Amino acid sequence: QVQLVESGGGLVQPGGSLRLSCAASGNIFDIFAMGWYRQAPGKQRELVATIASGGSTNYTDSVKGRFTISRDNAKNTVYLQMNSLKPEDTAVYHCIAEGVLDYYNDYRDYWGQGTQVTVSS
């Protein structure tokens, strides 16, 4: 079994910064990609950013230049540095580990529980 534990959410003023972390633990042999999605009230879940094990990244247009995703493969941990936050960034942020291969040869995606990010004055 694989678990994802997220941390770093909270309340911040517009223009402020937050850093999210997500650590995957369990019977992990390899993870293809890790990333973050978010879901605001009344809206569908949307991609924020992903990073593959080789380091290639993908960002949604609305966060480019403000958010930076990074990954520590040795720790199976992904980070999301969020700068210049805006009220429209308010959402529950969910971590995803895509293509997790375990030692029993099972291959699937895992989601974290989510962490609330609120941007408000």
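Visitor: What is the torsion about the S-S bond of Cys22 and Cys95, and is the disulfide left-handed or right-handed?
Guide: Keep in mind that this is a predicted model. Cys22 and Cys95 pair up as a disulfide, with their sulfur atoms 2.0 Å apart. The torsion about that S-S bond is about -80°, so the disulfide is left-handed.

Visitor: Which strands hold Cys22 and Cys95, and how many residues apart in sequence are the parts they tie together?
Guide: The structure holds one disulfide. Cys22 sits in strand β3 (residues 18-26), while Cys95 sits in strand β9 (residues 91-102), so the pair ties together parts of the chain that are 73 residues apart in sequence.

Visitor: Are Cys22 and Cys95 buried or exposed?
Guide: The cut-off for buried is under 20% relative accessible area. Cys22 and Cys95 both fall in that class: buried.

Visitor: Which side chain makes a polar contact of 2.7 Å with the side chain of Arg38?
Guide: Two polar contacts of this side chain are worth a look. One, at 2.9 Å, joins Arg38 to the side chain of Tyr93. The other, at 2.7 Å, goes to the side chain of Glu46.

Visitor: Leaving out residues up to four places away in sequence, which residues does Arg38 touch?
Guide: Glu46 and Tyr93 are among them.

Terms used:
Residues numbered from 1 in each chain as written. Predicted model: local features only at pLDDT ≥ 70, side-chain atom pairs only at ≥ 80, totals over all residues. Heavy atoms only, no water. Disulfide = S-S within 2.5 Å. Helix = DSSP H or I, 4+ residues; strand = E, 2+ residues; numbered from the N terminus. Buried < 20%, exposed > 50% of the residue type's maximum accessible area, 1.4 Å probe, protein only. Polar contact = N/O pair within 3.5 Å; in protein donor to acceptor, adjacent residues only side chain to side chain. Contact = heavy atoms within 4.5 Å.
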